[in-house]
Amino acid sequence: MKETKTHRPVISVVMSVYNAESYLEEAIKSITSQTFKDFEFIIIDDGSSDSSLEIIQKFSSKDNRIVCISRKNKGIIFLIKNIKDIAT
């Protein structure tokens, strides 16, 4: 049986989002348009009540580097303490 290796990106970019619909598209485009392409972009929707999650899902469906995580609001401190478990 042939073993396949999965590619691990060189860099993990993590962005926490909470009710950021007004500037989220611009922020995502800024990261994804960088000349360096070997990265994963983990975007965590932290319980937004606006259309942030839908915007993230739209981008993640078009770019396989984007990983969308949706959860109840836990705040940035929780994210910082648990970042090593989220990134590849």
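This is a predicted model: local features need pLDDT of at least 70, side-chain atom pairs count only at pLDDT 80 or more; totals for chains, interfaces and linings use all residues.
Local features are reported at pLDDT of at least 70 and side-chain atom pairs at pLDDT 80 or more, whereas totals for chains, interfaces and linings use all residues. Residues are numbered from 1 along each chain as its sequence is written, and side-chain values use heavy atoms, with hydrogens and water left out.

Helix H1 (residues 24–32) and helix H2 (residues 52–62), taken as DSSP runs of H or I with at least four residues, pack at an angle of about 30° with their axes 10 Å apart, the axes being lines fitted to C-alpha atoms over the stretch in contact and the angles running from 0 to 180 degrees between N-to-C directions. H1 is therefore roughly parallel to H2, a term applied to angles under 35 degrees. In the contact (heavy atoms within 4.5 Å), Leu24, Glu25, Ile28 and Lys29 of H1 meet Ser52, Ile55, Ile56, Lys58 and Phe59 of H2.

Within H2, Ser52, Leu53, Ile55, Ile56 and Phe59 are buried, that is, under 20% relative accessible area with a 1.4 Å probe and protein chains only. These buried residues fall within an arc of 160° when seen down the axis of H2, so they line one face of the helix; the arc is that of the directions from the helix axis to the C-beta atoms. They pack against H1 and against strands E1 (11–17), E2 (39–46) and E3 (66–71), strands being DSSP E runs of at least two residues. On the other side of H2, Ser61 and Lys62 are exposed, meaning over 50% relative accessible area.

Thr32, found in H1, is buried, with a relative accessible area of 15%.

Definitions and conventions: Angles under 35 degrees count as roughly parallel, over 145 as roughly antiparallel, 65 to 115 as roughly perpendicular and the rest as oblique.
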